[in-house]
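User: I am new to this structure and want to learn how to read it. Can you take me through it feature by feature?

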Amino acid sequence: MALEVDPDANASDRVVRFLRAWSLNDGASLDTLYHDDATHRGPGVSLLYPGLTDATLRSRASIKDFVDRIAAADLGEVTIRITAAYETGQVSITEYGVSFPDGRVAHWAEIDEWDGDRVRTVRAYHLPIE
């Protein structure tokens with residue numbers, strides 16, 4: 001996977017660092033970027049953990065396992081492109097697209113709550129894939 005950042009996206013260093021680790025499916029790096037009591041909620045969680053009715057992972061270990069499962073899926077050359085970022089204090093909202101090798105693009109919005117440079121809460125949302 002690769003990460004691209006639109007020049008006008010206004011993404012902070014911590015947002016870029018976080019999504020770069022996601023673009024690489026780097027579980028070890030992501031593990032250091034999540035807070036000890038982090039949560040991660042999103043539609044991808046529902047796909048890989050259908051028994052979780054609220055689609056929320058509640059520990060760094062479960063988040064790392066999630067990343068490892070995504071990496072094992074071998075999605076091919078996927079590109080994440082940050083198109084816009086808004087940040088105030090300890091909250092960031094990031095819009096990005098995920099482009100797949102077959103030309104499909106998924107558009108995402110993510111709300112992250114931070115504790116310094118570590119993510120405490122992720123809430124990810126996406127529109128249907130084009």
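Analyst: Start with burial. A residue is buried under 20% relative accessible area, exposed over 50%, and partly exposed in between (1.4 Å probe, protein chains only). Take Gly-116: its relative accessible area is 34%, so this residue is partly exposed. Gly-116 sits in the loop between β6 and β7. Helices (H or I, at least four residues) and strands (E, at least two) are DSSP runs, numbered from the N terminus.

User: What should I know about the model itself?

Analyst: This is a predicted model: local features need pLDDT of at least 70, side-chain atom pairs count only at pLDDT 80 or more, and totals for chains, interfaces and linings use all residues. Residues are numbered from 1 along each chain as its sequence is written, and side-chain values use heavy atoms, with hydrogens and water left out.

User: Which residues is Gly-116 in contact with, leaving aside its neighbours within four places in sequence?

Analyst: Contact means heavy atoms within 4.5 Å. With those neighbours left aside, Gly-116 is in contact with Arg-14 and Gln-90. Distance is another reading. Gly-116 and His-35 are 81 residues apart in sequence, and their C-alpha atoms are 9.5 Å apart in space.

User: How many residues of α1 are buried?

Analyst: The count is 8 of 11, so α1 is largely enclosed by the rest of the structure. The buried ones are Arg-14, Val-15, Val-16, Phe-18, Leu-19, Ala-21, Trp-22 and Ser-23. Look at Val-16, which lies in helix α1. Its relative accessibility is 17%, so Val-16 counts as buried. Beyond four places in sequence, Val-16 contacts Leu-3, Val-5, Ala-11 and Ile-82.

User: How do I read helix α4?

Analyst: Check its length, then its faces. The expected span of a helix is 1.5 Å times one less than its number of residues. Helix α4 (residues 60-72) has 13 residues and reaches 18 Å from first C-alpha to last, close to the 18 Å expected. Its buried residues are Ile-63, Phe-66, Val-67 and Ile-70. Seen down the axis, they fall within an arc of 95 degrees, so they line one face of α4. That arc is taken from the directions from the helix axis to the C-beta atoms. On the other side of α4, Ala-61 and Ala-72 are exposed.

User: What covers the buried residues of α4?

Analyst: The cover includes α1 (13-23), α2 (27-33), β2 (34-41), α3 (43-48) and β3 (56-57).

User: How is a nonpolar core defined?

Analyst: In soluble globular proteins, nonpolar side chains tend to be buried together. A nonpolar core is a set of buried Ala, Val, Leu, Ile, Met, Phe, Trp, Tyr and Cys residues joined through side-chain atoms within 4.5 Å. Here the largest core has 32 residues. Phe-18, Trp-22, Tyr-34, Ile-82 and Val-98 have the most contacts inside it. Helix α1 gives the most to this core, with 6 residues.

User: How many aromatic pairs are there?

Analyst: Rings of Phe, Tyr and Trp (its six-membered ring) pair if their centres lie within 6.5 Å; planes under 30 degrees apart count as stacked, over 60 as edge-to-face and the rest as tilted. The count comes to 5 aromatic pairs. Phe-18 and Trp-114 form an edge-to-face pair, 5.9 Å centre to centre, with 75 degrees between the planes. Phe-18 is in helix α1 and Trp-114 in strand β6, so this pair ties together parts 96 residues apart in sequence. Both Phe-18 and Trp-114 are buried. Trp-22 and Phe-66 have ring centres 5.9 Å apart and planes at 65 degrees, so that pair is edge-to-face too. Ring pairs also link Phe-18, Tyr-34 and Trp-114 into a cluster.
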